Each structure stands twice: as C-alpha cells, then as structure tokens.
Amino acid sequence: MNSEPEYIDVHAHVNFEDFDTDREELILNTLNQNTWMINVGTNLETSRQVLDLAKKYKYGVYAIVGLHPTEVGTERFDEEEFEKLVADPKVVAIGECGIDVFRIEDQVEKERLLKIQEEDFKKQIDIAVKYDKPIMIHARESYGEILRILDDSLRVHGVKLRGNAHFFVGTIEEAKAFLDRGFTVSFTGVITFAKQYEELVKYVPLDMILSETDCPFVAPVPYRGQRNQPLYVREVVSRIAVLKGLDEEVVKKALISNAKRQFSL
Ligand SMILES: [Zn+2]
C-alpha cells in the first residue's frame, strides 16, 4: 500500500450486498493497486455501514453519510442520529443528498414527496455547513431545483457551503452553474460509452473534475454488463485524458489533488 494514491473513486457503494461475498478481499486488492475509495450512504443504516467499513482501514477508505432523496418516502433525515456519525474524521462529506424527480412513480404523491426531499436536502446542507464538510449531491431531472435550493442556502451560508455534483450528466450550462458556485462535478463510467458527454467533459476545467464509479452500477468500457468496482475508476480517468487531449499522468495527478482538496483527505 502507498499513502499517495494514483486513483480515487469518490463515489462507491462497496457496502451494498453485491459485494457480500468478497468485500474485504476486493478492498485490499484495490488499496494494493493504489486506488482509494469513498463509500456513500443512502440512509441511516447504510451510512452506519460505510462508516464502519472506513474505520477498518488506516487510510484509503472513507465514508459519506446521508439520506438519498428517493428514501424520503420511508425514512426522514434524523438529525440527531446522523450527527453522531458526521463528527467522525472518516466522514468526509454529507450525502448522497439532493432531489430526484425521475424516480417518483406516483404522480399523485409527487408534490408531497418533492417537498419532503427539499426539506431533508436543506437539513443535510445545514449539517454539512455546521461540521464544515462538503455535500455529495444526487440529482435526477432536477438540476434547476437543486441550483435554486443551493442559491437559497448560499445566501445564508456563503462559501461555507461547498460540494460536488455526483454522476454529472447535465448540460454545459448546468455544469457552468455548479462551477460558478464553486462546486466540482464528478464523472462516471458513462463517459466511456455515451458520446453525448464528450463536449461536457472537454468543457469542465481539469481542476474541477472528480472521478467516480458509483459501483456496483454502470461499469465502464471494457467491463460493461459486469459488476462495477472502485478499481475501474481508472477507465474513467483515462477517458477524461483522451477527451481532453491531455497526458494521462497529468490528469491522474490533478484528480487526486482535486479529491484531496474537496474532501480534506
Ligand atoms: Zn450513489
């Protein structure tokens, strides 16, 4: 293991059951190949899991705790319980939090659920600011909504509110809006096979990009259809280098330094 990684996957879910049979082995193998990971909670239970996992390793495995917007139908953000986790130094951000319009199937419930999503998103923003940690934003068909909420909060909190827009698949204009507010964006394996993001990747300045897998979902080329894992983040990094026409070593170094800056690693 090396204390200076070559790659960092800033958004993984190695706590999910897809990894039940080989989790420890997979993490050790990942660390041995100089790749770090940040596992992201989606509710209180999975947030506890990712923190427990992070605590097992001296370095290289970190946690983000929070409530995913699609969970608000069954669980509300419990400030008291989450605050017990947030203070831990292995917790490097709050999330994944945000707004998800796409996955609300019940049109009758839509308005009510969106209102709750917004309330719980704001609560998580407040906790992040209180503990001086960034937020990991989940957005689905909701960049406009999220930017509106961020602007409300930025007026109150100023630059103390910071974070990253995860799995970024917005337009160049939407990317610019996040960048203008000081937020980074992270790309997944989607950029290795979906041509429509080429201009977007070229547009975002190298010092504002983070790399992620969102594993076990969306494996990059050449692993399409397989279980994704943090090691595959190198395919994302290599694609960013190709699209930007930059030396891969330069991109690797920049993305490490960006992740370290964003999450105070
Ligand atoms: Zn995720």
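For a protein of 265 residues, a compact globule would have a radius of gyration near 18 Å, and the value found here, 17 Å, agrees with that expectation. The model is a predicted one. It comprises nine helices and eight strands.

**Overall dimensions and packing**

- Taken along the principal axes, the C-alpha atoms fill a box of roughly 45 × 40 × 35 Å.
- Buried residues make up 47% of the 265 residues of the protein.
- Among contacts with a sequence separation of 6 or more, 74% are between residues 24 or more positions apart.

**The sheet**

- The eight strands form an open sheet with parallel pairing, in the order β1-β2-β3-β4-β5-β6-β7-β8.
- Strands β1 (7–12) and β8 stand at the edges; each has a single partner strand, so one side of each is left without a neighbour in the sheet.
- From one strand to the next, the twist averages 30°.
- Strand β7 (residues 184–187) runs parallel to β8 and is joined to β8 by three bridges.
- Within this pair of strands, Val-185 stands opposite Ile-209 of β8.
- Helix α2 (residues 44–55) packs on the sheet, where it touches β2, β3 (61–65) and β4 (91–100).
- The direction of α2 makes about 160° with that of β3.

**Ala-54 in helix α2**

- Ala-54 lies in helix α2.
- Ala-54 has 24 C-beta neighbours inside 10 Å; a residue with 20 or more is buried, and Ala-54 therefore counts as buried.
- Apart from neighbours within four places in sequence, the contacts of Ala-54 are Asn-39, Val-61, Tyr-62, Ala-63 and Lys-90.
- Ile-116 stands 62 residues from Ala-54 in sequence, and the C-alpha atoms of the two residues are 30 Å apart in space.

- Helix α4 (residues 110–130) has 21 residues, which at 1.5 Å a residue should span 30 Å; its end C-alpha atoms are 30 Å apart, in agreement.
- The buried residues of α4 are Leu-113, Gln-117, Glu-118, Asp-120, Phe-121, Gln-124, Ile-125, Ile-127 and Ala-128.
- The cover over these buried residues includes α3 (79–86), β4, β5 and α5.
- Two packed helices are described by the angle between their axes and the distance between the axes.
- For α4 and α5, the axes come within 11 Å and cross at roughly 35°.
- The crossing of α4 past α5 is right-handed.

**Backbone exceptions**

- Most residues other than glycine have a negative phi, and most peptide bonds are trans.
- Asn-34, which is not a glycine, has a positive phi of about 55°.
- Asn-34 is located in the loop between α1 (23–32) and β2 (35–40).
- Asn-34 counts as partly exposed because it has 16 C-beta neighbours inside 10 Å, and the partly exposed class lies between 12 or fewer (exposed) and 20 or more (buried).
- Glu-141 likewise has a positive phi, near 50°, in a residue other than glycine.
- The loop between β5 (135–140) and α5 (143–157) holds Glu-141.
- Glu-141 has 12 other C-beta atoms within 10 Å and is therefore exposed.
- The peptide bond from Cys-215 to Pro-216 is cis, and its omega is near 15°.
- Pro-216 is placed in the loop between β8 (209–211) and α8 (233–244).
- Val-221 and Pro-222 are also joined by a cis peptide bond, with omega about 10°.
- Pro-222, too, is found in the loop between β8 and α8.

Terms used
Residues numbered from 1 in each chain as written. Predicted model: local features only at pLDDT ≥ 70, side-chain atom pairs only at ≥ 80, totals over all residues. Helix = DSSP H or I, 4+ residues; strand = E, 2+ residues; numbered from the N terminus. Pairing = 2+ DSSP bridges. Axes fitted to C-alpha atoms, helices over the stretch in contact; angles between N-to-C directions. Contact = placed C-beta atoms within 7 Å. Rg over C-alpha atoms; globule rule 2.2 N^0.38 Å. Expected span 1.5 Å × (residues − 1). Left-handed = near helix turned anticlockwise from the far one by under 90°.
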